Structures are given as C-alpha cells and as structure tokens.
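Open the model in a viewer and keep the selection tool at hand. The stops below go from the core to a pair of helices and then to a loop.

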Amino acid sequence: MSEKKICAIVVTFNRKQLLLECLSGLLKQSRSISRIVLIDNQSTDGTPLLLKESGYIIDHQSIVSSKLILASSKNSIQLDYKRLPVNSGGAGGFSEGMKLALEGEGDFFWIMDDDAEPNVNSLELLLDGNEDDVVALACSVVDTQNQFCLLHRGRFDFKEIYPTVQKPIEEELYKEKSIEIHAASFVGLAVKREAMIQAGFPIKEFFIHNDDMEYCIRLSRLGRILMIPESRILHKEVTKSLPKPTKTFFNKNVNMVPYQELWIRFFGLRNLIWIGRKYSTSKFVFYIRTTMNLLRNLKNAILYEDHKINRVLFLLHQTFDGLFGRFDNEKPKRILYKK
C-alpha cells in the first residue's frame, strides 16, 4: 500500500514571525508532508515580503497562487500560496484553503492556524490512529506551559447550546491512546479527502468563531473523529482579550467588555445562535435560553456599561442576525463606530 500523501492547510493574518515558526515545524516533521497550502488573509504586517525573503514564495506582490518547491531534509514539498484580496476571517480563509487543497494531491488535509506549531513527531503519531471508519484525526492541543488546552477538543450536547454546544473532554481521558470526539478546533485537525469532499467547507460567512465547530458537526455525521493525545501541537494564542474594566454599581463589581474590543465579540454568539437554531434537539429550551441571555445582556448594557444605545443595538442585531441567518460582517463596526 502506497504511503498517504499529506497536505497541510495554514491560514495567516498579521502574525508573520509565528507563521515562520509554524512553517518550520511542518518542514521538520518526522513523517514528511508533500504539500502546504498557505492562505494569507490580506496581511498588512509585511507577511508576503518576509515569505519571499525567507525563500517560501517567489512573488510577494501576487494575490494569486504561487508555487515553489522547497527542499526539506527528506523530500521536496510543494507550497501553494494564495493572498486573498480582503480579510475573510478564519472561516473564509479555511474555506478557501480547503478548496485550493482539494484541487491538488492529498489523502489527508492537516489544518492549523499560523500560531500553531506541531512537534517533530506530531504527524507520525497522528497517522498511527488512522482506521477505516475514521474521517478525521486530531492532535491534542497544548499551551506554552505544555498544559492541555481542553476547550479545543470536545463532544456535542445538542440539548444545551449555551455557553457552547461543544463540551470539553475530561483531562483524565488524555491518558488514553486515542479518544473519540465530536469536535476539534482548526488547530491540528487532519481530515480525510473523501470526508472533506462529502462535508464540504466551513461556512465562510461566519467570518470567525464557531466555524470549526459547525464544520465538525457535519464531519462527525460521516464517521468517527479520533484525538491522539500523544500527538501534540502547540497553540501560542497570542491574541488574548484585554482585561475587562470593572465598574461599581450599588457596591457590585461588574465586568465590562472594552468598547474598542466589542466588535470582535459579535461573531461568536451570532454564529452559536445560528448553530442552535439549526442543530438544537430541544428548540423550546434553545429559544428560552436565547431570550434569557439577550435580556440579561441588555440589562447589563443599560445599567452598567458605556455607550448604552450602541451596545443595545449591537446585542439586538447579534441575536436576531443569528436567528435569521443574516451574515453582514461589517455590521458590528457600523453599529459601534458609525462606519
């Protein structure tokens, strides 16, 4: 039986140094990959120029696919680079990456963000878990302290959508050789070609947040997804939320999302509500919880937070856009900043 061909899919945006570390990790794999598909979400930090200077691409001005044969320690690796004309978010980037990847060779497509870096033996250990009824294999995700990031891997509970439909795997189970899961973030998830063809691509209109979870809902209905704990991938997660300012109201301390950071919160809940409306097995509970969640957030915005009118409009659009499947991804900035 011929050796499986592995294609890595990486999406990047304004993290050029981390991207180089990710690419270096891919080139050093003990089980060689044959191809890298790199999607640049219109980075503005000089990513294309750095890639050219580092020998990864030939034309740093191009917004179409470039190809280069890289000499790794064992084999040659083809790199397909595509710079998108606009920032389409992680959802749009991975959707475009999967489409481009399927146009070429690959039995497995290994998906990851630019701030991910696999261990040298990550792919080799991952492929050891391959079985006929498996549609995807997932590395375990660790942080910079080598601690498992439990939120990246989980199982679905369609009866209770909030705070998320994906419930984390207990850390105790990470001692097993393999664990059947339902969902994995796009950090070290390897999808079989036939499964990707059947499942399709992430919903690009999601922009960011919960696009990987929704994709895994479709993927898990085709077969099993296995996590291989010994196969580890580092997720550096440099984009952390700013500390929430605290406001005191009648001697009660209330955390408030900074106004300048609020727009990025729009997509996660909107997309989760859309997922709940489509996949929830208890619609009555879903609509009750959605209503309660909205009322609680409206109360906090009115009583405790700044820019009250804009925050109220933000919350209403966030909820109803999710319920009615409206994906205007410029809306949160228009609401908050009148753009």
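Select L189, V191 and L219: they have the most contacts inside the largest nonpolar core, which has 53 residues. A nonpolar core here is a set of buried Ala, Val, Leu, Ile, Met, Phe, Trp, Tyr and Cys residues joined through side-chain atoms within 4.5 Å, and buried means under 20% relative accessible area, with a 1.4 Å probe and protein chains only. This is a predicted model, in which local features need pLDDT of at least 70 and side-chain atom pairs count only at pLDDT 80 or more, while totals for chains, interfaces and linings use all residues. Residues are numbered from 1 along each chain as its sequence is written, and side-chain values use heavy atoms, leaving out hydrogens and water.

Stay on L219 and show its neighbours. Not counting residues up to four places away in sequence, L219 touches V135, A136, L189, V191, A195, A199 and I225; contact means heavy atoms within 4.5 Å. Another core, of 36 residues, lies apart from the largest one and includes L50, I57, I77 and W110.

Next, select residues 266–279 (helix 7) and 308–324 (helix 9). Helices are DSSP runs of H or I, at least four residues long, numbered from the N terminus. How do the axes of helix 7 and helix 9 cross? They come within 7 Å and cross at roughly 35°, the axes being lines fitted to C-alpha atoms over the stretch in contact, with angles from 0 to 180 degrees between N-to-C directions. Among the residues of helix 7 that meet helix 9 are F266 and W274.

Finish at N210, in the loop between helix 5 and helix 6. N210 counts as buried because its relative accessibility is 19%. Its side chain reaches the backbone oxygen of G268 at 2.8 Å.

Technical notes:
Helices (H or I, at least four residues) and strands (E, at least two) are DSSP runs, numbered from the N terminus. Buried means under 20% relative accessible area, exposed over 50%, partly exposed in between (1.4 Å probe, protein chains only). A polar contact is a pair of N or O atoms within 3.5 Å; within protein, one must be able to donate a hydrogen and the other to accept it, and residues adjacent in sequence count only if both atoms are side-chain atoms.
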